[in-house]
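Student: I am new to this structure. Can we go through a few of its local features together?

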Amino acid sequence: MPTYATMKSATRGTSMDARELENITLISRSIWSEKTQAIRSAQSALAGSILSKAISDEKVLVQTARGLLQQANQSVKPVVAQEHLNAPFFRLFAEERFLLVALHRARWSYRRLSEVLEETQTRIQEIAWNARIFLAQHQISSQPKKRLLHPTASTHCDVSCPEFIIQRPWPQRFLDDEMAHQERLFILSRLEKCPGCREVLQRCKAVYYAANAGLPDSSVESISGEPFDALKEVWARADRIRNPWQVSFYESLKRFFSKRDVQLATILLLILL
């Protein structure tokens, strides 16, 4: 299993790759519970972001995710199929489902999520924590003799400890890998010295991992196959449009001779020769 840092670094760059296309598919399936509609929406949103002339892969990702949410909010048909309504995950709002899958599965940054939802990063943390608490409660309550201990400030902490804000506790940023280097070193130092900080982190970890367990399947099998190949084709065509100079000589010839008027002119020239 890849480490947290490895998965996080895989999506920090600006280069679009198969992993990001998989992420778009996963995110679409978090919004639309029905697989066929999710794939169709992903293709439509990706094509729409390309037609909007997004100038970078990062902009394409942001606009595609934003397009998926707009489709869901404007849809006249149910976004969640009747048979999925009993699943706690699909009782969350579309924006909350998007945030959880984007954070846990795609490992998208707060900065990117802030751009997609057009909210502050502080607000992103609050929405994510509220959704995690809801999902964790349902996940843990389904297990016999288990209950969720709500994270609160520990009585063992003092003024040297990081401030605990109940709407967006600091361990969430720690677990989401959203702390700057110096702040992370400070937190690691406090965790080594302070039992109160360790207690706070453990309680938040329980919420974090219980919420993670309540997310839909993210196996490769669940997003592979013909629909995903179609999504890759949408991106490949868009890349050729945006970066025509990167098309190979063979591909350029193939596209040139696929035009009807070129074919007719070629046939006529051969006849004359």
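This is a predicted model: local features need pLDDT of at least 70, side-chain atom pairs count only at pLDDT 80 or more; totals for chains, interfaces and linings use all residues.

Student: Where is Arg107 found?
Tutor: Look past helix H5, residues 94-104.

Student: What is the phi of Arg107?
Tutor: Most residues other than glycine have a negative phi. Arg107 is not a glycine, yet its phi is positive. The value is about 60°.

Student: Is Arg107 buried or exposed?
Tutor: Buried means under 20% relative accessible area. Arg107 has 8% relative accessibility, so Arg107 counts as buried.

Student: How does Asp177 count by its relative accessibility?
Tutor: Asp177 lies in the loop between helix H8 (170-175) and helix H9 (181-193). Its phi is also positive, near 55°. Asp177 has 23%, so it counts as partly exposed.

Student: How are H6 and H7 placed to each other?
Tutor: Helix H7 covers residues 121-141. The axes of H6 and H7 come within 9 Å and cross at roughly 95°. Angles of 65 to 115 degrees count as roughly perpendicular. H6 and H7 are therefore roughly perpendicular.

Student: Which residues of H7 make the contact with H6?
Tutor: On the H6 side are Tyr110, Arg111, Leu113, Ser114 and Leu117. The residues of this contact divide into four nonpolar, three polar and one charged. From H7 come Gln121, Ile124 and Gln125.

Technical notes
Residues are numbered from 1 along each chain as its sequence is written. Side-chain values use heavy atoms; hydrogens and water are left out. Helices (H or I, at least four residues) and strands (E, at least two) are DSSP runs, numbered from the N terminus. Buried means under 20% relative accessible area, exposed over 50%, partly exposed in between (1.4 Å probe, protein chains only). Axes are lines fitted to C-alpha atoms, for helices over the stretch in contact, and angles run from 0 to 180 degrees between N-to-C directions. Angles under 35 degrees count as roughly parallel, over 145 as roughly antiparallel, 65 to 115 as roughly perpendicular and the rest as oblique. Contact means heavy atoms within 4.5 Å. Ala, Val, Leu, Ile, Met, Phe, Trp, Tyr, Cys and Pro count as nonpolar, Asp, Glu, Lys and Arg as charged, and the others, Gly among them, as polar.
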